[in-house]
Amino acid sequence: ADVKENWDKHCAKCHAADGTGKTKMGEKAGVKDYTSADVQGKMKDDEMFKATKEGVKEGDKTKMKAFGDVLSDDEIKALVKHIRSFKK
């Protein structure tokens with residue numbers, strides 16, 4: 001699948017189509033606004049890759065599920081680049 005299709009299918013319900021995180025699920029989970037230059041500046045590509053592949057846990061609570069079983073490494077790398085494109 002192409003990056004836009006993967007974003008819409010796997011990411012947009014929490015992170016929003018435009019990366020702002022302004023969705024019911026995103027606001028509940030406290031996701032970051034990827035259009036913010038400040039947020040983008042603090043994020044490292046390898047950390048985003050790892051979070052997408054392995055998921056994000058806080059203690060025993062899953063904040064983001066892992067996508068390593070449904071997305072290839074190349075697809076995850078493409079999503080990281082896609083996230084970078086949201087920066088304003």
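Predicted model: local features only at pLDDT ≥ 70, side-chain atom pairs only at ≥ 80, totals over all residues.
1. As a straight helix, its 13 residues would span 18 Å at 1.5 Å a residue, but the end C-alpha atoms of H1 are only 14 Å apart.

2. H1 also has a kink of about 50 degrees, and this kink is centred on Lys9. Just past the end of H1, Ala16 adopts a positive phi of about 75 degrees.

3. Which residues of H1 are buried? They are Asn6, Trp7, His10, Cys11, Ala12 and His15. An α-helix has 3.6 residues a turn, so residues three or four places apart point the same way. The cover over the buried residues of H1 includes strand E2 (61-64) and helix H5 (73-84).

4. The largest pocket holds about 910 Å³ of space. Its lining is made up of 30 residues, and those nearest the centre of the pocket are His15, Val31, Val56, Lys63 and Met64.

5. Which element gives the most to the lining of the largest pocket? H1 does, with seven residues. At least two lining residues each come from H1, helix H2 (24-29), helix H4 (45-54), E2 and H5.

6. By residue class, the lining of the largest pocket comprises 15 nonpolar, five polar and ten charged residues.

Note on methods: Residues numbered from 1 in each chain as written. Heavy atoms only, no water. Helix = DSSP H or I, 4+ residues; strand = E, 2+ residues; numbered from the N terminus. Expected span 1.5 Å × (residues − 1). Bend = angle between axes of the 7 residues up to and from the residue. Buried < 20%, exposed > 50% of the residue type's maximum accessible area, 1.4 Å probe, protein only. Contact = heavy atoms within 4.5 Å. 1 Å grid on protein atoms, 1.4 Å probe; cavity = no way out; pocket = protein on both sides within 12 Å on 5 of 7 lines; lining within 4 Å. Points joined across faces, edges and corners; volume = space filled by probe spheres on them. Nonpolar A, V, L, I, M, F, W, Y, C, P; charged D, E, K, R; others polar.
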